[in-house]
Amino acid sequence: MKLHEYQSKFRFAEFGIPIPKGKVATTPEEAMTIAQELDSNVVVVKAQVHVGGRGKAGGVKLAKSPAEAKEHAEAILGMDIKGLTVEKVLIDPGADIKDEIYLAITNDRSAGMPLIIASAEGGMDIEELAKTDPDKIVREHIDPIWGLKSYQANSVASRMNLSREQWRPFVKILMGLYQCFAESDAELAEINPLVVQGDGSLLAVDGKMIIDDSALPRQKKLAAMRDSSEEGEEEILAREAGISYVKLDGTIGCMVNGAGLAMTTMDMTKLYGGEEYGPANFLDIGGGATPETVATALKIILSDENVKAVLINIFGGITRCDDVANGFIEAYNIVQPDVPIVMRLQGTNAKEGREIIENANIPNLQSAETLTDAAQKAVAAAKGGN
Amino acid sequence: MAILGNKDTKVVVQGITGGQGSFHTRLMMEYGTNVVGGVVPGKGGQWFDDNVPVFDTVQAAVEATGATASMVIVPAPFAPDGIIEAVDAGIELIVCLTEHIPVADMMKATAHVKANGARLLGPNCPGFLVPNQMKIGIIPTMIAQPGKVGVVSKSGTLTYEVGFALMNAGMGQSTIVGIGGDPVIGTSFVDVLEMFENDPETESVVLLGEIGGNAEIVAAEYIEKHMSKPVAAFIAGQTAPPGKRMGHAGAIVEGGEGTAEEKNKALADAGVLVAKNPEEIPELLKNA
């Protein structure tokens, strides 16, 4: 789960990392009041949305007076950035930027250890720098059992060629960032830029955190920060039912068990149907889905008006095909869909599942044997539905 | 011979009396797995289905039965502890099926496994199956028959799909291994590829990957340098939306975006037969 910039920075501050004294506004008036209170020559009005490139989209503006801050907030609040509506802006006092440092901790999956990534040349072009001048990026693995040791933080500062007077504050920030990373069950804690101000002090001007979804049950405080305004109604419904659902642009609704097979089924519709008859969604009902889960999944898929056919591909392992069949019939009777449905049941209790479906005599439903057969039938059915 | 285990491997099940644990233990035993004990703290001295002794600790189970392998099938909050307990009791092979274990816990657990020279398969994996001999985990037996193809996969149900396709084409498997799709896992593609390369009963290998991470890229490098046996692969997720981006740091660590395109290219460049449709894999292997 991603945190907003303001949530990330406020969390950093709990671990002693210096951040600008900004506040969040949801209305232009609030933005003006905050700008007045900040008592700074310049303030920055920053859109709080979970997408990159908000600056280029006009979501970050400098203001030289509270009145100007209000104007910018008026323009930014409600703005659409890559499909997301801006609901909140962060009003930060302007920083006196001399240099920009990049500092992040993330999990290195292949090493199975957290990894510090730091560079004295921070800013937007850090990924480019990693390619063109990799020596300027300092990396340091952290032992997951011991945690970050202070000699390692000193080593990072040294290898970054930071000036001596910055060592102590930098090491303090790095130790704080690791503590924050570990205590938040983060997959990423990133400060970019960590600004070196004119007076030599350091300030975390922008921040990003991603929290491990599997750890949310024990990170209740962070879990409560979820911004549901950026999720569709269906996505919330799906999450609550234990279904993974992502809406896409194609016309074939897919219901599958297991993420890998769900993606494979999506790929197959596009392989045989091209862009137009590609997948309308990613949907994984999970392992051991109950009839209720299947019913919810079908309702979610059919709530998408672009769906011209539904492809149900179940390879039962933990999931039982008879459970899927029962759930499907239950949902079918409620929703009464008029789009064609292709269903393939294979694996655990497939025979029982197929019998349940056959006995229900559902019009518009075709059975399929193989995955290829199922994808081809779904594409043909979607085309026929035009 | 197969990899990871055979019908003589002595297995304990941590969580044998749970709903999933008991269901799958029965299926494993029906298939031929030598389940010698179960572990449930507080239930030591009882019997599972009147024929499998239950112990309070893995240590006690190992002492009484000589078990060398363990299946961990307990809820996420208890699973890392279960893995560490198995390591400390001297278990050589731990198969962890549990999903939704926090990454931070898995990093600690895998570090402990490595430091003690044990092997962990998973977590969040379907386990492995040696056709007509045994299985540890939940792979349905209907997709398996003895043969010469080694299958290694990140994804559970996609594995079943390809195992089934191989069977329909009259081909069998030497061993089917699900390594799990979590960010931090105990056994990598490369570990299993190496086992298949060294296994005289495996003549060709199927690798099933997914978008995200760089495990398939690392596997491609290994295949190019070290494998003599033909490998066919399928990468799921060509049409999936770009996954959650780990800020700049993710791209810097992994050196790429982890797309299906990148992975397919790396595998094809390494001489792997890359399938666009997983049901084509048997045909690709026949012609190899």
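## Basis of the report

Two residues are in contact here if their C-beta atoms, placed from the backbone, lie within 7 Å. This is a predicted model, in which local features need pLDDT of at least 70 and side-chain atom pairs count only at pLDDT 80 or more, while totals for chains, interfaces and linings use all residues. Residues are numbered from 1 along each chain as its sequence is written, and chains are lettered from A and ligands numbered from 1 in the order in which they are written.

## Surroundings of A:Val256

Apart from neighbours within four places in sequence, A:Val256 is in contact with A:Leu261, A:Ala262, A:Thr265, A:Leu283, A:Asp284 and A:Asn313. A:Val256 is buried, with 25 other C-beta atoms within 10 Å. Buried means that 20 or more other C-beta atoms lie within 10 Å of a residue's own; 12 or fewer makes a residue exposed, and anything in between partly exposed, with C-beta atoms placed from the backbone.

A:Val256 belongs to strand E15 of chain A. Strands (E, at least two residues) and helices (H or I, at least four) are DSSP runs, numbered from the N terminus. In E15(A), residues 252–256, five of five residues are buried. Burial applies to both faces: A:Ile252, A:Cys254 and A:Val256 lie on one side, A:Gly253 and A:Met255 on the other. E15(A) runs parallel to strand E17 (residues 309–316) of chain A and is joined to E17(A) by five bridges; two strands pair if DSSP finds at least two bridges between them. A:Asn313 in E17(A) is the bridge partner of A:Val256.

## Chain A as a whole

Chain A contains 13 helices and 19 strands. Along the principal axes, its C-alpha atoms fill a box of roughly 80 × 50 × 40 Å. Of its 386 residues, 51% count as buried. Among contacts in chain A with a separation of 6 or more, 71% are between residues 24 or more positions apart.

## A four-stranded sheet in chain A

Four strands of chain A form an open sheet in the order E2-E7-E3-E4, with antiparallel pairing. The edges are strand E2 (23–25) and strand E4 (60–63) of chain A; each has a single partner strand, so one side of each is left without a neighbour in the sheet. On average, neighbouring strands are turned by 25 degrees against each other, direction ignored. Strand E3 (residues 43–47) and strand E7 (residues 89–93) of chain A are antiparallel over five bridges, and A:Val44 has A:Asp92 in E7(A) as its bridge partner.

Helix H2 (residues 28–38) of chain A packs on this sheet, touching E2, E3, E4 and E7 of chain A, at about 15 degrees to E7(A). Helix H3 (residues 66–76) of chain A lies across E2, E3, E4 and E7 of chain A, at about 10 degrees to E3(A). These angles run from 0 to 180 degrees between N-to-C directions, with axes as lines fitted to C-alpha atoms, for helices over the stretch in contact.

Chain B has 10 helices and 14 strands. Its C-alpha trace spans about 55 × 45 × 30 Å along the principal axes, and 59% of its 288 residues count as buried.

In helix H3 (residues 79–88) of chain B, seven of the 10 residues are buried, so the helix is largely enclosed by the rest of the structure. The seven are B:Ala79, B:Pro80, B:Gly82, B:Ile83, B:Glu85, B:Ala86 and B:Val87. Their packing partners in chain B include strand E1 (10–14), helix H2 (58–65) and H4. After H3(B) comes B:Gly90, with a positive phi near 90 degrees.

Helix H6 (residues 189–198) of chain B has B:Phe189, B:Val192, B:Leu193, B:Met195 and B:Phe196 buried. These residues cover an arc of only 160 degrees around the axis, which puts them on the same side of H6(B); the arc is that of the directions from the helix axis to the C-beta atoms. The buried residues of H6(B) pack against strand E10 (146–153), strand E11 (173–178), strand E12 (204–210) and H7 of chain B.

## Contact between the chains

50 residues of chain B are in contact with 54 residues of chain A. On the chain B side, two or more residues come from each of helix H4 (103–115), helix H5 (156–168), helix H7 (215–226) and helix H8 (247–254). H8(B) gives the largest share, seven residues.

The chain B side divides into 28 nonpolar, 15 polar and seven charged residues. Ala, Val, Leu, Ile, Met, Phe, Trp, Tyr, Cys and Pro count as nonpolar, Asp, Glu, Lys and Arg as charged, and the others, Gly among them, as polar.
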